[in-house]
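Grab a pencil and let's work through a few exercises on one protein. Each task comes with a solution that goes step by step.

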Amino acid sequence: MAAPMMSTSERLIGMPVIVNQAYPIPHYIYYKRHTLTKGDGGDRRPADRTILAANIPPYCSEAVIRRLFADCGKIERVDIQEKPGAPIDNTDKPTESSYFQPPCKVLGFKLAYIVFKKPGSVNGAVQKSYPEPLVLTSKDTPVTTGLHKWCSEYQDSHLMDTGQLQEEVDAFMQNFDSNKKQEEDTKPDEGEEDGEGWVTVSRKGRKSAAPHTEKHRTRTLARERKKRKQKELLSFYSYQLRESRREHIAQLRKKYEVDKEKIAVMKANRKFRPM
């Protein structure tokens with residue numbers, strides 16, 4: 001019996017890729033035409049303009065993926081995820097800081113939704129064949145793997161200008177303090193009526209809140225250390241632990257004898273009185 005023919009939309013296309021010519025063994029990226037499912041972001045990923053690529057290695061960035069599919073047509077968006085499903089939020093939000101970047105959401109092998117600008121690009125992509133593997137490394141998008149990749153990532157994340165970092169932190173704190181002060185100024189005073197006659201009331205305890213100062217924090221830590229030190233000195237030596245256990249067992253036995261006598265007295269006083 002002949003095997004059933006697979007349609008173009010269901011067929012997986014294997015794209016062989018190599019990092020560079022020094023490593024001739026290819027790695028295969030599989031992709032197919034994207035089919036919409038429930039909660040899969042239909043507006044963001046229209047089925048006639050989207051393909052789903054899987055088995056993408058960790059060293060392939062968005063720039064590399066765009067270059068691999070650039071000959072199929074102009075690409076509008078690339079969504080990289082760990083598992084298939086709805087698009088991840090906050091992927092398009094720019095980061096204001098150049099030093100505090102959000103952590104990478106996908107660290108291992110991943111998949112990508114490639115959205116083209118025209119439907120004809122998807123048709124051309126699913127009909128392609130690859131007689132030879134594609135090279136990932138180029139002058140514009142160099143790809144590093146293994147130990148070189150880890151060393152470069154470590155240097156990029158740890159080597160920084162401390163002066164610029166301090167300026168960025170100071171600017172952030174100044175902006176935070178100004179916003180906090182503006183919120184306190186616009187907040188209505190308690191016990192006073194506003195324009196509509198409402199009075200703001202909040203719950204406050206008898207004790208005022210602890211001040212968030214360095215002096216108060218140092219005093220609190222010193223008090224906790226003193227309590228911890230006194231507690232540790234109570235059972236410092238091993239013979240003290242043995243004595244405390246022996247006294248505790250003796251108290252339990254004494255209490256047991258007293259309870260036993262009480263129960264015996266209660267049983268002796270129990271009499272049958274029908275009238």
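## Exercise 1: One side of a helix

The buried residues of helix α2 are covered by, among others, β1 (13-18), β2 (27-33), β3 (50-56) and β5 (110-116). Before you dig in, note that this is a predicted model, in which local features need pLDDT of at least 70, side-chain atom pairs count only at pLDDT 80 or more, and totals for chains, interfaces and linings use all residues. Residues are numbered from 1 along each chain as its sequence is written, and side-chain values use heavy atoms, with hydrogens and water left out.

**Task.** Find which residues of α2 are buried, and work out how they are placed around the axis.

**Solution.** 
- Step 1: Helices (H or I, at least four residues) and strands (E, at least two) are DSSP runs, numbered from the N terminus. Buried means under 20% relative accessible area, exposed means over 50%, and partly exposed is in between (1.4 Å probe, protein chains only).
- Step 2: Look along α2, which spans residues 119-126; its buried residues are Ser121, Val122, Ala125 and Val126.
- Step 3: Check the directions. These residues sit on the same side of α2, because they cover an arc of only 125° around the axis. That arc is taken from the directions from the helix axis to the C-beta atoms.
- Step 4: Zoom in on Ser121. This residue counts as buried, at 7% relative accessibility. Skipping neighbours within four places in sequence, Ser121 is in contact (heavy atoms within 4.5 Å) with Cys72, Gly73, Lys74 and Phe116.

## Exercise 2: The surroundings of Thr50

**Task.** Thr50 is in strand β3. Is Thr50 buried or exposed, and which residues does Thr50 touch?

**Solution.** 
- Step 1: Read off the accessibility. Thr50 has 0% relative accessibility, so this residue counts as buried.
- Step 2: List the contacts. Leaving out residues up to four places away in sequence, Thr50 touches Arg33, His34, Arg45, Tyr113, Ile114, Val115 and Val122.
- Step 3: Along the chain, Thr50 and Val115 are 65 residues apart, yet their C-alpha atoms are separated by 4.4 Å.
- Step 4: Check the polar side. A polar atom of the Thr50 side chain lies 2.6 Å from the backbone oxygen of Pro46.

## Exercise 3: Pairs of charges

**Task.** How many salt bridges does a search of the whole structure find? Then compare the pairs Glu76 with Arg49, Glu62 with Arg66, and Glu243 with Arg246.

**Solution.** 
- Step 1: Start with the idea. Side chains of opposite charge can pair when their charged atoms come close. Here, a salt bridge is a side-chain nitrogen of Lys or Arg within 4 Å of a carboxyl oxygen of Asp or Glu.
- Step 2: Count. The search turns up 8 salt bridges.
- Step 3: Take Glu76 and Arg49, whose side chains meet at 2.9 Å, N to O. Glu76 lies in strand β4 (residues 75-81) and Arg49 in the loop between β2 and β3, so this pair ties together parts that are 27 residues apart in sequence. Arg49 is buried, with a relative accessible area of 18%, while Glu76 is partly exposed at 36%.
- Step 4: Now Glu62 and Arg66, which meet at 3.3 Å, N to O. They are 4 residues apart in helix α1 (residues 62-68), so about one helical turn separates them. Glu62 is partly exposed, at 33%, and Arg66 is partly exposed, at 28%.
- Step 5: Next, Glu243 and Arg246, with their closest N and O atoms 3.0 Å apart. In helix α6 (residues 238-268) they are 3 residues apart, so again about one helical turn lies between them. Glu243 is partly exposed at 38%, and Arg246 is partly exposed at 49%.
- Step 6: Finish with a network of salt bridges, which links Arg44, Arg45 and Asp79.

## Exercise 4: The whole chain

**Task.** How many helices and strands does the protein have, and what share of its residues is buried?

**Solution.** 
- Step 1: Count the elements: there are 6 helices and 6 strands.
- Step 2: From the N terminus on, they run β-β-β-α-β-β-α-β-α-α-α-α.
- Step 3: Find the buried share, which is 19% of the 275 residues.

Notes. Polar contact = N/O pair within 3.5 Å; in protein donor to acceptor, adjacent residues only side chain to side chain.
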